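Trainee: I've got a model to go through and I'd like to learn how to read its local features. Could you walk me through some of them?

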Amino acid sequence: MAPDMSAIPQPSTRPARGLRRASRGVAGFVLTTAVTFLGLLAITFFIGRVVPIDPALAVVGDRATQEQYEAARVALGLDRPLFVQFLVYVGDVMTGDLGQSITTNRPVAEDLARVFPATLEMATLGILAGVLIGVPVGVWAAVRQGTWIDQVIRIFALMGYSVPAFWLGLVGLALFYAGLGWVAGPGRIDIFYDGLVEPVTGLLLVDSLIAGDFTVFGNAVSHIVLPATILAFFSLAYIARMTRSFMLDQLGSEHVTTARVKGLPEWKVIWVHAFRPIRVPLVTVIGLSYAQLLEGSVMIETVFSWPGIGNYLTTALLNADMNAVLGATLVVGVVFVAINRLSDVAYRLLDPRAKR
Amino acid sequence: ETPPGVLVVAQNIDDIVAIDPAQAYEFTSGELVTNLYDRLVQYDAEDTTVLAPGLATEWTADEEAKTLTFTLRDGVTFHSGNDFTAADVVGSLSRVIELNLTPAFILTQLGWTPENVGEMVVDNGDGTVTIAWDGDFSSAFVLNVLAARPASIVDMETVMANEVDGDMGNAWLNANAAGTGPFSLQTYRPNELVRLAANEDYFKEGPMLDGIILQHVPESATQQLLLEQGDVDIARNLTPDQIAGLGEGTKVETYPQAAVHFLSFNQKNEELTDPALWEAARYLVDYQGMTDSFLAGQMEIHQAFWPNGFPGSYDETPFTYDPERAQQILDEAGIELPITVELDVINAAPFTDMAQALQASFAEAGINFEILPGTGAQVITKYRERTHEGMLLYWGPDFMDPHSNAKAFAYNSDNSDDAYAATTTWRNAWAVPEEMNQEVRDALAESDPEARLEMYMDLQQQVQEESPIVIMFQASYQVAMDEDVEGYVNGATSDFVFYRLVTKE
Amino acid sequence: MSAGPRPAPRSGLRDWLLAEAPSSRRQAALGSAYRTWSQLLRNPLAVAGGLIVLGLVLVAAFAPWIAPDTPYGQSLSERLMPPSAEHWMGTDELGRDILSRVIWGARITLMIVVLVAVISAPLGLLVGAVAGYAGGWVDKVLMGITDIFLSMPKLILALAFVAALGPGIENAVIAIAITSWPAYARIARAETLTFAQAEFIQAVRLSGAGHMRIVTRHVIPLCLSSTIIRVTLDMAGIILTAAGLGFLGLGAQPPLPEWGAMISRGRTFILDQWWVATMPGFAIILVSLGFCLLGDGLRDALDPKGRT
Amino acid sequence: MSELLTIRDLRVSFPTHQGRVEVVKGLDLSLGRERLGIVGESGSGKSMTGRAILRLIRPPGRVTAAEMTFDGQDLMALPERRMRALRGARISMILQDPKFSLNPVMTIGRQIAEALDAHERPSRGERRTRVRQMLERVRIADPDRVARMYPHEVSGGMGQRVMIAMMLIPRPALLIADEPTSALDVSVQAEVLELIDELVRDEGMGLILISHDLALVSRFCDRIMVMAGGEVVESCAAADLRHASHPYTRGLIEAVPRMDETRDWLPVLDRAARAGT
Amino acid sequence: MIELRNVAIAYDGHRVVEGASFAVPEGGSFALVGESGSGKSTVLKAIAGLAPEREGTILVDGAPVPPRPTLESARLMQMVFQDPYASLHPRRTVDAALSEPLAIHGLKDRDARVERALRDVGLDRRFRFRYPHQLSGGQRQRVAIARALMLEPRVMLLDEPTSALDVSVQAEILNLLKRLRAERGLTYLMVTHNLPVVGFLCERMAVMQGGRIVEEAPTAALRTGDFATEYARHLHGATGADLMGPDLLEPESVDTAPMETEK
Ligand SMILES: Nc1ncnc2c1ncn2[C@@H]1O[C@H](COP(=O)(O)OP(=O)(O)OP(=O)(O)O)[C@@H](O)[C@H]1O
Ligand SMILES: Nc1ncnc2c1ncn2[C@@H]1O[C@H](COP(=O)(O)OP(=O)(O)OP(=O)(O)O)[C@@H](O)[C@H]1O
Ligand SMILES: [Mg+2]
Ligand SMILES: [Mg+2]
Ligand code: NI
């Protein structure tokens, strides 16, 4: 009597349709990503022109003559119509040329290859620690809702978000570097070791491992520990709080009751049944924090003399160094879009309901 | 701890744009140029107030023919190993003129143009070079010009070998150095680090150390920590309050600077054109209060445009904080009060503090400042466009001659909008009285040094008495360093920072 | 979380509010509000948060009467004094009383907080909910825009808006608000995706409701709780970002006693004169703590499931 | 008859602004290895009773009982860890709303397998076959496909059967089934009940069947309890349901439509006379 | 009133209903019974305009149904969903849920209408301002029915409207549905697995199996068991006319003892 589903003629178009869908998906993905970048560039570009700072002045300085100033404007292409400037820029970017920075006098691409890995290294460690601690702590707080553990976690997490970063940074330095001597001071590496390993990835930790130089590695670790911890604290606060809130919604739901009825051990109830459904929003939250860290925490980078992208971008911006700003924005943008697209993919993998 | 034999300096170096002497104009790049290059004549580490032989051992002036002939030093080699020759002198100087980047104006004053520079700087073929100028200048002035940064001598052979697209090696020189100076450039990573190595063959004394590292530390509190920890030997950007709190094992040296700090009013704004207002303003600055508190050690009261300690300075300080007097002056002139004036200021210590102190003291006479903080570039943009109202800024001479500042504070022959001049007068739209313009020209041409200085002092007095520019302070520079550091030399401008004689221990 | 039957004094009003069968929508709404309220009151942390926020409002309202001094009164001879009986929070680099500045600064802080909450949260919610609900190309376009704004460094965006609107703390805050919506949008979208196809949404569609109505009345309320949390969490960051804009001359202008600007100026003193940066820092932490706790409490109280 | 479950004076209450309100008011029950049906109108506390037995009522809800023993163990005093070992393996409950009660992001197969894993350690192959078998036994066609589906992709009846499969797979000693077949068509319903009945017969499982379907309960159960407003208003052997005396029970019986229905209107209870829905 | 011609419906390209055709006359009452998972709910959703991938013709009131619900289609037909838990918004009160359609259609006199609707489905006013989680399953379903009735549609699509209800409420709802139909000439398309309910409320029925309609018959066939297909007969048999209603109500006729169990 069993109804035989296989008896129903399956639409033969299925595999073809799947393929078509996939290819349409890829095309759509490429298209939207391209449009996003173009939009990003356009907005950044035009913002660069409304900023009340004259880029030519950054080149020639305040003592230049009118003639030198004009020459600099022409050299920067500022005499051309805005739209033309933009097209030229986009054309250059297409060919992989991000132009020359006017504040460092070097190719922007070269600058970025130097500063971005510094930030990437720190942000990645930061978010890793933030997630590894923040998520369990948030879950724990939710499970113990209303108890003192919950309150302590909440307040502690909050601190991470409200304490000014540079305050934590300086106090951290004063305490752990100057006071206790547990960690190394500002900068990515001690002067002694500077330039000892050949940059391959630009990530000092990775490079030193590739070179097999563990002294350099150890030194780099002791430099990165403190700033990364502070970043971690910062993202942890947010991640833990959001986790707690999402978890609370889940813990009251019927399917968690079902899991309990099954007699599952508590960890399974929590991690498999309550936690799994919140992974989608959580991925968003984590993606957002990671991207935020990758944008470079200017304050942390300043306090720790960290030659990262946040500082680079800000300095460039303050000098109307538009090529540098655009280049850095592009890199940050690529990272953001990549993270967002990845989290979109993650949605589909993690939550069957999000399939469309 | 810092490595022995290497001096580690914590410094904010993010102002560097270019390190090619033909382009460099920022503070930190000035220091680098000084330590990497030499000029024919230069103010040197031994005494930064005396014009000393550099790459020229001696020189003779011919005031009539308006020429100077320099005998070049023998046996000097560039860091590359190339020999220093007269061709390098000719090449380096004409290179600046041809590139015509910002600092070129210092040399073009001498009447040099890309067309005529070949005739103005001549290699005599006998180890001497003759340099001519076009204009009514004394040879003293010309020597000062030739001691300035853009007149640094570069290794033309190396530089031209690295030429790209006819840039005369400009791009290459912005990442490398090719000089004869006491140090060679080992590493330069913008906003991160500069590493200098000693030039063992330097023709003068020193360097005493193997190398110098300038570490970019933007945050002054971090600099303080590093210094106290002994991880740097010198901290260059501490605030007076931090310096006051420094602990054991460190010392502080104070160096008077040539920069003067002033408050000026844009004359394009009708409300600000009354001389009575200018005068009242001079009584509304709490000179003493500021220098005794947050400016302590950082600035001294000075009310004329040429700084104290340099020949020709005018050191009278007739004005003190006296709000009643100011009130009275304003009342007598019948100026309608209160007025509100936007005050542009660079958003950094101590400028914002100064602005707030001015705001408080001016308010007592009904002049209300609305402070508009901004980045340096932002403030300059506005200043250049003459769209500001009040401006709190400073001025450092381009070269160590009183004319450098006289031109900036007492000369403005064409106040029209399209006659841009990078002077304080034009940018504040102050049409200087013609007699004063003339006096500036005369002083420049005066060949009797004594009389010349007299004329500059007179000019200073005039500007002090009646101009929309209220000169308040002269900067001094405090550098904190490890006790063991000796021989650090810091002259009146950043061009005069020398690491050549520094020792540790 | 009530424990046992409480012999509460049964006032007529209370009974009316809690009537099991309210006779009008208004009574029900008031009753619901009262329930939310008393739910809040039962949560000690939320009460603490509420008190802090209330304190902020009161301090802001009565600043002229509370502050011992004006926020601008300089006294160069009394600069950088540590906290004492005379100056509870010490004095700053111009000898101004930090306590007074912190008190006056409450006004600015309050404005920042309110403006951001009013502008960015609704905007982000709307965009995110529409994108998640509509799906398809609407989603792509909206999320594309969101991504653009999201991936643009905040400072750049804010700078542009301020350039357009003119400098000043109000505009700076508006700019920040405009730049911070994308994060809310992303979160709202992620949440919306999980219930966009639910039957209760379909039921409303069946009633002929337009998309806008569904989004605003049915989708957004479900995203509210995480938005409330995020917004309250962001408060401190926003105050500090405002200070960052101030650095460009686009935010608070000296001598305005804006907390973020005060901290930022106090930075150089942090090792020797810790109170200059720390006191306004405490204020920020306290206020953001207040908002966060209140936010948490509100989230719980607004959630009908948590309510009895 | 060995008592499997004994309950005396079970009370479940929730706080409201009017103070605590009891939704189960002093329920007594004793169950052997038999089939007990609980019927009653909506909101009468049937589900709450079931949940209370499994200690699934979360604060602020509160459960008290003078006695609640299962197989000699005092359920009220059992530590949570022991209670967990009991749940699923010894006492299981089919929750009322299957789609709502299934984990939305886990495939059905995994959810069922998990119930098995919680109490046994089957090999991978064994697990697969048993899940498959179980799905087949609850009359799911194409069990392999369904096992790979997510709850939102299955129909209401399929969800319900999945739930049943999940709760039966560890072979509990006591099954509380809260409206297990309300969404099933009669033919499947009969077969699923047959399956449950098999377990009762062969393995001595106790069953509490919560339902509003009087016919079903009377046909399928040994004893019947009728609840209203949190109280048991009538308790009798299933066979005696037709003799039920309580007017409420009679009302319920009258209200059942028949296959050969001729009445124009079905008689209904006078709701106004009774509070407590 | 409702007419389906050769309708096929798919989810993600996977067909679950194929070649469905039937017609319901105006004022008629039609039941869709059959196997669980056979696509009954899906057919209903398609008629309501909520199933995205469909082929074939669906006419309601002579016009094809719009691809998505519109204001007009809302007044024409309403649906009651199968799952009472999922079909109410967790953060809106009963009152809000019921007034929502009125607000959308700009109808006046909302208070009275809401109260009447609640009364019609047998809920007293205490429930008006409750949230769904404060209701039991049956109470929720009644709210869902009330919501569908708010717009006084002419066609009601009922997806197992009473499966979550206890018999007395079921009786009330059935009476209500019957009364409404009589009073307003409503057309019903109802999915149920409860054959007696079909018998009580409907004139015709279609039996579905595996995504296809295998038989269409008048409900009179229920009394006789006179079905063409084996599946329908099986369905009928499983309900067991002899086991059901009569034995409860007429004690004398009972001869089936409860099943044997070991005690
Ligand atoms: N969290 C709660 N707070 C307050 N009252 C509640 C709560 N949960 C359930 N109730 C109430 O408890 C009563 C009993 O609910 P229960 O779910 O046991 O009913 P039921 O008999 O299973 O009804 P149905 O047949 O409709 O499922 C209901 O009146 C319900 O409103
Ligand atoms: N969102 C969905 N995605 C994929 N498949 C679905 C979806 N919803 C339903 N199905 C499938 O469609 C088929 C028919 O489902 P439908 O809900 O119409 O059944 P039904 O006849 O209403 O059954 P029941 O009586 O159990 O409710 C089932 O095989 C189910 O698995
Ligand atoms: Mg129930
Ligand atoms: Mg269905
Ligand atoms: Ni309550």
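**Reading the features**

Trainee: Let's start with charge: which residues form the negative surface patch?

Mentor: B:E1, B:E248, B:E483, B:D484 and B:E505 make up that patch. Patches take residues with over 30% relative accessible area and no salt bridge, and like charges are joined within 9 Å. A salt bridge here is a side-chain nitrogen of Lys or Arg within 4 Å of a carboxyl oxygen of Asp or Glu. Before we go on: this is a predicted model, where local features need pLDDT of at least 70 and side-chain atom pairs count only at pLDDT 80 or more, while totals for chains, interfaces and linings use all residues. Residues are numbered from 1 along each chain as its sequence is written, chains are lettered from A and ligands numbered from 1 in the order in which they are written, and side-chain values use heavy atoms, with hydrogens and water left out.

Trainee: Is B:E248 buried or exposed?

Mentor: Buried means under 20% relative accessible area, exposed over 50%, and partly exposed in between (1.4 Å probe, protein chains only). B:E248 counts as exposed because its relative accessibility is 81%. You'll find B:E248 in the loop between α9 (240-244) and β12 (250-265) of chain B; helices (H or I, at least four residues) and strands (E, at least two) are DSSP runs, numbered from the N terminus.

Trainee: What coordinates the magnesium ion?

Mentor: Donors are N, O and S atoms within 2.8 Å of the metal (3.2 Å for Na, K and Ca), and water is not among the atoms, so sites may look incomplete. Here D:S47 (OG) and D:Q96 (OE1) coordinate ligand 3 at 1.9 to 2.2 Å. They link distant parts of the chain, 49 residues apart: D:S47 sits in helix α1 (residues 46-53), D:Q96 in the loop between β7 (91-94) and α3 (98-101) of chain D. Both D:S47 and D:Q96 are buried.

Trainee: And backbone angles: what should I expect for phi and peptide bonds?

Mentor: Most residues other than glycine have a negative phi, and most peptide bonds are trans. D:R171, not a glycine, has a positive phi of about 55 degrees, and D:E179 has one near 50 degrees. D:R171 is partly exposed because its relative accessibility is 40%, whereas D:E179, at 5%, counts as buried.

Trainee: Where is the cis peptide bond?

Mentor: The cis bond joins B:L337 and B:P338, with omega about -5 degrees. B:P338 belongs to the loop between α12 (323-333) and β14 (339-346) of chain B.

Technical notes. Patch = residues over 30% accessible without salt bridge, like charges linked within 9 Å, V, L, I, M, F, W, Y side chains within 5 Å. Areas by Shrake-Rupley, 256 points an atom, 1.4 Å probe, with all protein chains shown as cover. Lys, Arg positive; Asp, Glu negative; His and termini not counted. Charge placed at Lys NZ, Arg CZ, Asp CG, Glu CD.
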